[in-house]
Amino acid sequence: RGHVFTDQHEHVQGPLEAEAVARNIRAAQQEPFEVGGRPVSVSASVGITICPADGTDPVALLNNADIAMYRAKEQGRNTAKFSTPTMHEEILSYHRLETDLKEAVGRGQFELLYQPQLRLADQRVDAVEALLRWQHPERGRLSPGEFITVAEESGHIIPVGLWVIEEVCRQLKRWEGAGVPVPRVAINVSAVQFRQRGFHDVVRGVLESHAVDPELIELELTEHSLMEDTQGTRECLRALKNIGVRLAIDDFGAGYSCLAYLRQFPLDVLKIDRSFVSDLETSLDAQAICSAILSIAHRLSLDAVAEGIESEKQLAFLTRNDCLYGQGFYFSEPVAADRIAALMVQSGAQATRRRRVTSRRLAAKAG
Ligand code: C2E
Ligand code: MG
Ligand code: MG
């Protein structure tokens, strides 16, 4: 990562020419070079800021260029991105969020909502997905889309992610203590968290200290986490599997889908990305992709979960194609933990007789 300063007056007349310089830099970077006798080429993501249009303070300009570079990376790498006037405000708000995040766990500002996953054959709830919310003191309740990237880039995702796993364990114990049917809980794991050294030991430690049955925990990994088929990835997945947790791959089909990892890695669940489900009614392609993913899941003995079901027709298609589980606003939005007990009982989840009585009362209370 480096900076190229171009003197506007001598070489570059404006944004168009800056873009041409960026293109040249990228082309030069892509020239293969040799490392240990093997040809290697790298791609470059370029952030561009223009003085004085974007400011005159050197530190601010470097910041602009940095943020623009991150945008370029987000948009698939090997591209160039300009800093824009609105970016300045974004940079400030980015740094404010980063500072606030540092304190958020300690100040108890996070909470988890839970979204039920239904077995499509009998519409029974036996699992839920934990979804993170941040009660920001000034900005109100924030969804992960508004802070996860900042958390990942700043490294704060590590303590936040740990809090999530611990809170799920505490919640499982609360449900158990209340005598209500206890669902399996799916937890989202960021790639940054997954690649942290000894992640599996962290998971094992938390489950042990809360005496939680590992079968009640499903870890949702992204395709991004599994993209690099390294020794480390394999070992971590194997170690997690040995603990006894289930492993799911989230948003399947939306990223760099690589079918090889479905065979190589010890996965249990494949979650079909919401984008395919939402297009089911209007697109034959989406139908073809969904049924192809479902048949891959069946053949490889993976449980399939369709995310983002919003309509009867989507549900009918997925049921017809033997999708095992479904999740989406059609059934329920993510809700607070105390509503889950009632939902599970309504759906006829298995529980002991004594437990049933307690949870009916809960259901009646929840109305
Ligand atoms: P995801 O894991 O794919 O979660 C599903 C997202 O889709 C959730 O958004 C959920 O509220 C939303 N959703 C569920 N059903 C429907 C539907 O029928 N229609 C529509 N339009 N949306 C639906 P949410 O809670 O905003 O989370 C967004 C993403 O943030 C998650 O996507 C996940 O990648 C990430 N995330 C959430 N919680 C955590 C967490 O604790 N740790 C980490 N690392 N990431 C998290
Ligand atoms: Mg998920
Ligand atoms: Mg998903």
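Tutor: Gladly! First, a term: a donor is an N, O or S atom within 2.8 Å of the metal. Keep in mind that this is a predicted model.

Student: Where in the chain do Asp251 and Glu307 sit?

Tutor: Asp251 is in strand 10, while Glu307 is in the loop between strand 12 (303-306) and helix 13 (312-320). They are 56 residues apart, so the pair links distant parts of the chain.

Student: Which residue coordinates both magnesium ions, ligand 3 and ligand 2?

Tutor: That is Asp250, and the two ions are 3.9 Å apart.

Student: Is Glu307 buried or exposed?

Tutor: Buried means under 20% relative accessible area. Glu307 has 9%, so the residue is buried. Asp251, at 31%, counts as partly exposed.

Student: What lines the largest pocket?

Tutor: Its lining has 48 residues, and those nearest the centre are Ile148, Thr149, Glu152, Thr222 and Asp251. The volume of this pocket is about 1,900 Å³. Elements giving two or more residues to the lining include helix 2 (58-74), helix 5 (157-178) and strand 10 (246-252). Strand 6 gives the largest share, five residues.

Student: How many lining residues are nonpolar, polar and charged?

Tutor: The lining of the largest pocket has 17 nonpolar, 15 polar and 16 charged residues.

Methods. Residues numbered from 1 in each chain as written. Chains lettered and ligands numbered in written order. Predicted model: local features only at pLDDT ≥ 70, side-chain atom pairs only at ≥ 80, totals over all residues. Heavy atoms only, no water. 1 Å grid on protein atoms, 1.4 Å probe; cavity = no way out; pocket = protein on both sides within 12 Å on 5 of 7 lines; lining within 4 Å. Points joined across faces, edges and corners; volume = space filled by probe spheres on them. Helix = DSSP H or I, 4+ residues; strand = E, 2+ residues; numbered from the N terminus. Nonpolar A, V, L, I, M, F, W, Y, C, P; charged D, E, K, R; others polar. Donors = N, O, S within 2.8 Å, 3.2 Å for Na, K, Ca; no water. Buried < 20%, exposed > 50% of the residue type's maximum accessible area, 1.4 Å probe, protein only.
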